[in-house]
Structures are given as C-alpha cells and as structure tokens.
Amino acid sequence: MLVGAIEAGGTKFVCAVGNESGKVLDKVTFPTSDPKETLQHVYDFFSSYNISSLGVGSFGPVDLDATSSTYGTILNTPKLRWKEFQLLEHLTKHFSIPVHLDTDVNAAALGEYMYGAGKDVSSCLYITVGTGIGAGFVNNGKTYKGKSHPEMGHILVQKHVDDDFQGVCPSHGACLEGLASGPAIEKRYGQKGHLLSNRIDVWEIEASYLAQAIMNYSLILSPQRVIIGGGVMKQERLYQLIRKAFISLMNNYIDVGDIEQFIASPKLKDEQGVKGAIALAIEKGR
C-alpha cells in the first residue's frame with residue numbers, strides 16, 4: 001500500500017510517497033506560493049503514484065472541527081492568498097481518496113512519536129522553535145485537538161530579569177513566540193541566532209523562556225517526553241541550558257525521571273512533519 005503525505009508549510013510544501021512502515025519512498029519540496037500554483041505542484045507530483053490515502057499536516061490556523069461548516073479551511077492566516085481557502089475540499093475532490101488533515105506541528109509530533117524520539121513512550125510533546133513557535137501533543141497514538149487546535153507558542157511567560165525586549169508577536173507582543181522565536185532573537189540583538197553562538201547570555205535567556213513553557217505544558221499535559229526541534233535548536237547547547245532551567249523552575253514538584261530522556265532532541269532530523277503525515281494517511285486508509 002502506498003500513501004501520500006503533504007507537509008504544508010507557510011514557506012514550503014513537502015510532498016512524499018510512503019509505505020505502511022513509514023518509509024519515505026519519494027519526496028519533493030517546492031516554495032509555498034498562491035493556492036492554485038502550489039496545489040498544481042502537489043497534483044503533478046502525485047500523478048505518478050497510485051496512493052490509497054493522503055495525510056496532510058498544514059500551517060494554520062486551520063479548522064479541524066469535523067462538525068464545522070468551514071472544516072478543512074485555512075482560517076485567519078497572515079498569508080492572505082490562503083485565507084479562507086478550503087484546503088481539504090480541494091484535495092478530497094481532486095484525489096477522490098480519504099484525506100486526513102491536521103496541523104503541521106501535530107503531524108511533526110506524530111512523526112516523532114511513531115518513528116523517532118517518542119516511539120518508546122505512550123505520550124509525547126513536540127515543540128518547534130524557529131520562525132514561529134508551535135507544539136503538538138500525541139497521546140496513545142492520537143494527536144490532541146480541542147475546540148480548535150492548540151496554539152502553544154502563544155502562552156504568556158515571565159520576562160527574564162535581564163531582558164527588556166518588548167517582543168515581536170503582532171497579537172501579543174511578549175508571548176513565548178514573541179520572545180523566543182528566531183525573529184525575536186534577531187530583532188533583540190540585531191543579528192541572526194547562528195551568528196550569536198558564542199554569546200552565552202543570549203542562550204540563557206532563550207532557555208529560560210523555553211523552560212517556563214515546558215514547565216507549563218508538563219503540569220497541564222503530563223507528557224512522558226518533550227522533544228524540541230526547529231531551527232533555533234540547532235544551537236545544541238540550548239538543550240542542557242533548558243534542562244537546567246527546567247529543573248530549577250520545577251523545584252522537585254513533580255518527578256519527570258531522567259531529565260536527559262524527558263527533554264530530548266528529535267531523531268528524524270527534518271522529516272518528522274512528512275513522516276507524521278504518512279502516519280496520518282496510514283490511519284485514514286485503514
């Protein structure tokens with residue numbers, strides 16, 4: 001059985017064909033442009049394959065309420081050409097096969113849960129820290145969705161005592177994404193993060209915000225593992241700084257076990273999103 005997978009990002013689309021074991025057999029990447037042009041690239045790629053189902057992890061916000069009249073629609077996105085675009089409807093009509101839609105970060109969480117750093121636990125949280133910040137939660141093989149999908153990148157955190165930066169989030173200013181995303185680092189210091197690798201103060205402040213977030217997520221969701229990926233986490237010293245800050249903040253309130261295992265790096269490199277979409281397709285195709 002061949003299945004299709006789409007990691008529909010705001011910057012790029014990744015399309016792949018996989019099998020029932022989650023292996024990527026073929027893959028293509030192209031920039032996200034307007035919906036008509038982008039979907040034509042999608043259709044062209046899959047035209048060579050007989051796929052039985054399709055999994056999609058999409059940028060958002062996207063309506064995931066199956067009872068809603070706008071189910072499967074991209075909602076109030078800053079990508080204006082995609083605003084109110086009926087993504088699920090277009091894909092279902094074109095392919096005439098089962099299509100399973102979820103958020104891009106939920107798909108990434110599912111990918112790590114099924115095939116990567118979370119495959120030995122029953123629940124895991126995946127956080128991506130890059131151009132934005134998002135998080136997805138998987139419990140017993142199911143991604144979490146509520147009234148809408150979680151927007152964990154926009155929680156409020158306490159400002160670091162040495163940080164007077166006002167934040168870059170257009171909606172909330174100094175939320176987690178506004179203080180700790182890649183653009184926040186660049187705006188605060190006037191340089192991109194990869195040029196600041198020797199500035200320990202930069203990464204201690206970054207770690208303090210991410211540790212606060214992980215503490216909040218842990219107290220609410222109680223995941224067995226927290227996996228952190230994304231471009232900002234290429235600064236590998238962050239993992240130890242985050243663990244240290246998390247331990248201090250938690251102050252032995254709950255026992256998370258081995259901190260090196262509890263707060264972990266991804267194992268799928270940059271394929272967690274597309275592998276998660278494969279897992280969504282397999283589930284939908286059963």
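First, the ground rules. This is a predicted model: local features need pLDDT of at least 70, side-chain atom pairs count only at pLDDT 80 or more, and totals for chains, interfaces and linings use all residues. Residues are numbered from 1 along each chain as its sequence is written, and side-chain values use heavy atoms, without hydrogens and water.

Now the cores. A nonpolar core is a set of buried Ala, Val, Leu, Ile, Met, Phe, Trp, Tyr and Cys residues joined through side-chain atoms within 4.5 Å. Buried means under 20% relative accessible area, with a 1.4 Å probe and protein chains only. The largest core has 40 residues. Ile127, Leu176 and Phe246 are among those with the most contacts inside it. Several elements each supply at least two of its residues, including strand E6 (123-129) and helix H7 (237-250). Helices (H or I, at least four residues) and strands (E, at least two) are DSSP runs, numbered from the N terminus. Helix H6 gives the largest share, eleven residues. Apart from this core lies another, of 27 residues, with Phe13 and Leu64 among them.

Next, the helix pair. The axes of H5 and H6, lines fitted to C-alpha atoms over the stretch in contact, come within 12 Å and cross at roughly 140 degrees. Angles run from 0 to 180 degrees between N-to-C directions. Who makes the contact, meaning heavy atoms within 4.5 Å? On H5, Ile185, Arg188 and Tyr189. On H6, the residues include Trp203 and Tyr209.

Note on methods: Buried < 20%, exposed > 50% of the residue type's maximum accessible area, 1.4 Å probe, protein only. Contact = heavy atoms within 4.5 Å.
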